[in-house]
Amino acid sequence: AEVMKSVETLTLKGMTGQYIEIVGDSESILGMIAAHNEKLWVFKFRSVNSTVDRERAAFRKFCETLAIE
């Protein structure tokens with residue numbers, strides 16, 4: 001239940017996605033799950049917290065620009 005509080009729905013071009021951040025003591029995971037038709041797209045970034053902190057904005061921007069054409 002606690003993890004689900006960090007799930008955020010993003011409206012993308014042609015679909016919606018679920019963005020999540022799971023922060024651990026030393027490592028964290030940033031993720032995006034997007035469904036379109038009968039396909040499920042999963043994007044994951046996992047690293048030590050210092051790297052995740054540095055790359056968070058870039059990964060989020062990547063997720064926000066996903067589009068189905």
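Predicted model: local features only at pLDDT ≥ 70, side-chain atom pairs only at ≥ 80, totals over all residues.

Reply: Residues are numbered from 1 along each chain as its sequence is written, and side-chain values use heavy atoms, with hydrogens and water left out. The pLDDT, the predictor's confidence in each residue on a scale from 0 to 100, averages 89 over the protein, with 94% of the residues scoring at least 70. Confidence is highest in helix α1 (residues 49-64), at a mean of 95, and lowest in strand β1 (residues 8-12), at 87.

Six salt bridges are counted in the model, a salt bridge being a side-chain nitrogen of Lys or Arg within 4 Å of a carboxyl oxygen of Asp or Glu. One of them joins arginine 60 to glutamate 8, with the closest N and O atoms 2.9 Å apart. Glutamate 8 counts as partly exposed because its relative accessible area is 33%, where buried means under 20%, exposed over 50% and partly exposed in between (1.4 Å probe, protein chains only). A network of salt bridges links Glu8, Arg60 and Glu64.

Arginine 56 takes part in a salt bridge with glutamate 21, at 3.1 Å from N to O. Arginine 56 lies in helix α1 and glutamate 21 in strand β2 (residues 15-23), so this pair ties together parts 35 residues apart in sequence. Both side chains are partly exposed, arginine 56 at 23% relative accessibility and glutamate 21 at 26%. Arginine 56 also meets aspartate 53 in a salt bridge, again at 3.1 Å from N to O; these two residues both lie in helix α1, three residues apart, which is about one turn of the helix.

The strands reached by these contacts belong to an open sheet of four, ordered β1-β2-β3-β4 with antiparallel pairing, where two strands pair if DSSP finds at least two bridges between them. Strands β1 and β4 stand at the edges, each with a single partner strand, so one side of each has no neighbour in the sheet. From one strand to the next the twist averages 20°, taken between the N-to-C directions of lines fitted to C-alpha atoms, on a scale from 0 to 180 degrees. Strand β3 (residues 27-36) pairs with β4 in the antiparallel sense over ten bridges, and the partner of glutamate 27 in β4 is valine 48.

Strand β4 (residues 39-48) also contains valine 42, which counts as exposed because its relative accessibility is 55%. Of the 69 residues in the protein, 28% are buried, and the C-alpha atoms fill a box of roughly 35 × 25 × 15 Å along the principal axes.
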